[in-house]
Amino acid sequence: MTTETIGAPAARRMVLAAQGFTDPVPTGPVTRRHLQRVLDRVRLLQLDSVNVAVRAHYMPVFSRLGPYARPLLDDAAWSHSARRPRLLVEHWAHEASLLPVADWPLLHSGAKRSGWWRHYGALVEADPGLVDDVLAAVKDLGPVGAGELETVLRGSSRPRPPGATWWERSDVKRICEYLFGIGELTTGTRRHFQRLYDLPERVLPPEVLAARPADPEQSARTLVLRSASALGVATEPDLRDYYRLGPATSQRAVAELVDSGALAPVRVRGWSKQAYRLPGAKVPRQVTGRALLCPFDPLIWERDRTERIFGFRYRIEIYVPEAKREYGYYVFPFLLDGELVARVDVKADRAAGVLRVPGAFAEPGTDVARAVSELAGALREMAGWLELDAVVVGERGDLAGPLTTALR
């Protein structure tokens, strides 16, 4: 098989197109149809507890569609009815993620390795009846949080094994995490971002539940194809990382997909490793537009890939002591016309009603005047979306002064 060779700029444009950054931005209200288009592109939205600016799962949709009503995503993820079926379900995919309900069987097929929750199996072995108690309580009370379950189970009269100390909340939470990991529980809804557990049969469509168990090898190939579609052009480790597959599983799936013609090898100039793409994927001539990207956006969450594609070294500094931070606590890269041209430290100060930008920094070679103009517009748009009244820029970074002026 002949391996096609493409340049790094073409690869970058393919990546951006695959992630939805060449799709038109809605000119009117954002609808469920627009949301579905984004989900068809990115395949999953990462969840994270950090709420410095906005919860991580909301931001990638804003970055691709502009201002939208966040309840639109809440409704797609955590409520359902006969008229408006649930579009998304929670599970461990890349990390804790929202993914299309149709992908639930793939994640429970055995294609993915058991996650960190497998270590809680010792709790199950020590008192198997506890699992029955938790499932029975969720059936009666769900959707229900781990704290309420702990209170209910504390009052249970069932005898415990000698020396058992189950009635610490942490142990009940671990059992819930274990059952969530193996698919015996899922998220019914969330309240103030707290996960409320429910039974899968009350959350997922019957046809999705009936599809289990899926064949693990076929599921691995399907997940790799999902990754290839979302990434545009990618190395095997890139494809593996999107759903956190095991190396051997991913390598075997990629080889089988290449042999069948479902995946095409491609060489990207400047990349040290073999890359792959879906056959027939188009290469856009140009990419225009702007977007602020949260640290957990699927375009940039794999930091080595981000540096390889954009020449942009990016590290999240939440866990770095303040005095040692280079750019700030919660930094958003700024995408402009297909390049990452700047980065801004962003914080939603809800008490004061402002979007704070403690620092703003240009990348080398950036057209500062244009970047500042577009970044000011993007920050105003984000502030309005978050129902904040203004953008307040601090003093850190070479863009701080020009950005302050542009926002007046």
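Guide: In this predicted model, the largest nonpolar core has 115 residues. V134, L292, F332, L355 and M382 are the residues with the most contacts inside that core. Helix 15 (residues 368–385) supplies the largest share of it, nine residues. Apart from this core lies another, of 24 residues, with V233, W271, I300 and F312 among them. In soluble globular proteins, nonpolar side chains tend to be buried together.

The loop between helix 15 and strand 14 (390–396) contains E387. E387 has a positive phi of about 60° although it is not a glycine. With a relative accessible area of 67%, E387 is exposed, because exposed means over 50%. D337 is another residue other than glycine with a positive phi, here near 50°. It is placed in the loop between strand 11 (331–336) and strand 12 (339–349). D337 has 30% relative accessibility and therefore counts as partly exposed.

In helix 2, the buried residues are R32, H34, L35, V38, L39 and V42. These residues lie on the same side of helix 2, because they cover an arc of only 155° around the axis. The cover over them includes strand 2 (45–46), helix 3 (59–65), helix 4 (70–78), strand 3, helix 11 and helix 12. After helix 2 comes R43, with a positive phi near 70°.

Helix 13 (residues 247–260) can be checked for length. Its 14 residues, at 1.5 Å a residue, should span 20 Å, and the end C-alpha atoms are 20 Å apart, so the two values agree. T249, S250, A253, V254, L257 and V258 are the buried residues of helix 13. Because they cover an arc of only 160° around the axis, they are on the same side of helix 13. The face turned away from that buried side carries the exposed residues A248 and D259. What covers the buried residues of helix 13 includes helix 11 (216–231), helix 12 (236–243), strand 8 (264–268) and strand 9 (275–277). G261 follows helix 13 and has a positive phi near 85°.

Charged pairs come next. Side chains of opposite charge can pair when their charged atoms come close. The structure holds 27 salt bridges. D23 forms one with R37, where the closest N and O atoms are 3.9 Å apart. D23 lies in the loop between helix 1 (8–18) and helix 2 (32–42), while R37 is in helix 2, 14 residues apart. D23 also forms a salt bridge with R41, the closest N and O atoms being 2.9 Å apart. That pair again links the loop between helix 1 and helix 2 to helix 2, with D23 and R41 18 residues apart. D23 counts as buried at 15% relative accessibility, whereas R37 is partly exposed at 24% and R41 is partly exposed at 31%.

A further salt bridge joins the side chains of R195 and E90, at 3.6 Å from N to O. R195 lies in strand 6 (residues 194–198) and E90 in strand 3 (residues 88–92), so the pair ties together parts that are 105 residues apart in sequence. Both R195 and E90 are buried. Through salt bridges that share partners, E90, K173, E177, R190 and R195 are joined into one network.

A search of the whole structure finds zero disulfides. C176 counts as buried, at 0% relative accessibility, and C294 is buried too, with a relative accessible area of 2%. The peptide bond from G142 to P143 is cis, with omega near 0°. P143 sits in the loop between helix 7 (128–141) and helix 8 (146–154).

Notes:
Residues are numbered from 1 along each chain as its sequence is written. This is a predicted model: local features need pLDDT of at least 70, side-chain atom pairs count only at pLDDT 80 or more; totals for chains, interfaces and linings use all residues. Side-chain values use heavy atoms; hydrogens and water are left out. A nonpolar core is a set of buried Ala, Val, Leu, Ile, Met, Phe, Trp, Tyr and Cys residues joined through side-chain atoms within 4.5 Å. Buried means under 20% relative accessible area, exposed over 50%, partly exposed in between (1.4 Å probe, protein chains only). Helices (H or I, at least four residues) and strands (E, at least two) are DSSP runs, numbered from the N terminus. The expected span of a helix is 1.5 Å times one less than its number of residues. The arc is that of the directions from the helix axis to the C-beta atoms. Contact means heavy atoms within 4.5 Å. A disulfide is a pair of cysteine sulfur atoms within 2.5 Å. A salt bridge is a side-chain nitrogen of Lys or Arg within 4 Å of a carboxyl oxygen of Asp or Glu.
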